[in-house]
Amino acid sequence: KITSNKVMGVLVGTAVTAIIQSSSATTVMVVSFVNAGLMDLSQAIGVILGSNIGTTITAQMVSFRLEVVAPIFIGVGEICALTAKKKKIKDISMILIGFGILFMGMGLMKPVAELEVFKKVVIVLGRYSVLSVLVGVIITAIVQSSSATTAILVALASAGTIDMKIAFPIVLGCNIGTCVTAIIASLGANRTAKKAALLHLSFNIFGTIIFLPLASYIIKFVAFLNPDNLGRQVANSH
């Protein structure tokens, strides 16, 4: 009912994806709803566009270096999960645990920055932006989460291993790679559901084609916003 208005559809897609931390999950749900006849294609477009906004929230949170308070999230979540009797409180506690593990994991990613092999790969990627986009596509298609890939980029940028010339094309590639989940989900669906999945893919491919040539301007803009914090620059470019 809400998504019959396209603007509300975008807001719903943004909110749902921000909460569940997965644009892949949101788009798969949309494809399923379209296939079942619960939503039409115009409704699906709004939610899919919103999911691409909502998925940027993870990188924003990770860029604030919340790994310091991650153990508190995990500790409080575990205590609530073990002692609470109400299902709603148990669900909230699992959310706290999930966020805590996410932030702690990003903190643990930073030692990767010191690997010699990784540094050599980064140097090669820095020369070819199209190759960086492809790397973003492949990694995200494998891990099935653009949030995870961009969060890793934030961690690596914060450690000073990569700069924005490498990170930004990978971010664009991440948004293409995350479409793979919805496309797989649509393989056995009807024609309209397949169109919804292809719209998601088309949106991110054309977005990359438009913004990759403008990379230098975007990099300058995010550097202006946060000149001393590469992690924030990655999150803001996303």
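This is a predicted model: local features need pLDDT of at least 70, side-chain atom pairs count only at pLDDT 80 or more; totals for chains, interfaces and linings use all residues.

Reader: At what angle do helix α4 and helix α14 pack, and how far apart are their axes?

Author: Two packed helices are described by the angle between their axes and the distance between the axes. Helices (H or I, at least four residues) and strands (E, at least two) are DSSP runs, numbered from the N terminus. Axes are lines fitted to C-alpha atoms, for helices over the stretch in contact, and angles run from 0 to 180 degrees between N-to-C directions. Here α4 (residues 56-63) packs against α14 (residues 230-237) at about 165 degrees, and the axes are 9 Å apart. The two helices are therefore roughly antiparallel to each other; angles under 35 degrees count as roughly parallel, over 145 as roughly antiparallel, 65 to 115 as roughly perpendicular and the rest as oblique.

Reader: Is the crossing of α4 and α14 left-handed or right-handed?

Author: A crossing is left-handed if the near helix is turned anticlockwise from the far one by less than a right angle, and right-handed if clockwise. α4 passes α14 in a left-handed crossing.

Reader: Which residues of α4 and α14 meet?

Author: Contact means heavy atoms within 4.5 Å. On the α4 side they are Ala 59, Gln 60 and Ser 63, and on the α14 side Gly 231, Arg 232, Ala 235 and Asn 236. By class, this contact of α4 with α14 has two nonpolar, four polar and one charged residue. Ala, Val, Leu, Ile, Met, Phe, Trp, Tyr, Cys and Pro count as nonpolar, Asp, Glu, Lys and Arg as charged, and the others, Gly among them, as polar.

Reader: How do α9 and α14 pack?

Author: The angle between α9 and α14 is about 150 degrees, with the axes 7 Å apart. These helices are therefore roughly antiparallel to each other, and their crossing is right-handed. Leu 153, Val 154, Ala 157 and Ser 158 of α9 meet Leu 230, Gly 231, Val 234 and Ala 235 of α14. That contact of α9 with α14 divides into six nonpolar, two polar and no charged residues.

Reader: What is the angle between α8 and α10?

Author: Helix α8 (residues 129-143) and α10 pack at about 45 degrees, with axes 6 Å apart. That makes α8 oblique to α10. Their crossing is right-handed. Among the residues that make the contact are Val 133, Gly 136 and Val 137 of α8 and Ile 170, Gly 173 and Cys 174 of α10. The contact of α8 with α10 counts eight nonpolar, six polar and no charged residues.

Reader: Which residues touch the most other members of the largest nonpolar core?

Author: In soluble globular proteins, nonpolar side chains tend to be buried together. A nonpolar core is a set of buried Ala, Val, Leu, Ile, Met, Phe, Trp, Tyr and Cys residues joined through side-chain atoms within 4.5 Å. Buried means under 20% relative accessible area, exposed over 50%, partly exposed in between (1.4 Å probe, protein chains only). The largest core has 29 residues, of which Leu 153, Ile 162, Met 164, Phe 168, Ile 170 and Val 234 touch the most other members. The elements giving two or more residues to this core are α4, α6 (87-108), α9 (146-158), α10 (164-177), α13 (215-225) and α14. The most come from α10, with nine residues.

Reader: What does Val 234 touch?

Author: Not counting residues up to four places away in sequence, Val 234 touches Leu 153, Val 154, Ala 157, Met 164, Ala 167 and Val 171. A second, separate core of 12 residues includes Val 47, Ala 189, Ala 196 and Ala 197.

Reader: Is Thr 150 buried or exposed?

Author: Thr 150, in helix α9, is buried at a relative accessible area of 1%. Leaving aside neighbours within four places in sequence, Thr 150 contacts Ala 59, Val 171, Cys 174 and His 238.

Reader: Where is Asp 40?

Author: Asp 40 is in the loop between α2 (23-35) and α3 (41-54). With a relative accessible area of 41%, Asp 40 is partly exposed. Asp 40 and Ala 193 are 153 residues apart in sequence and 8.8 Å apart in space, C-alpha to C-alpha.

Notes: Residues are numbered from 1 along each chain as its sequence is written. Side-chain values use heavy atoms; hydrogens and water are left out.
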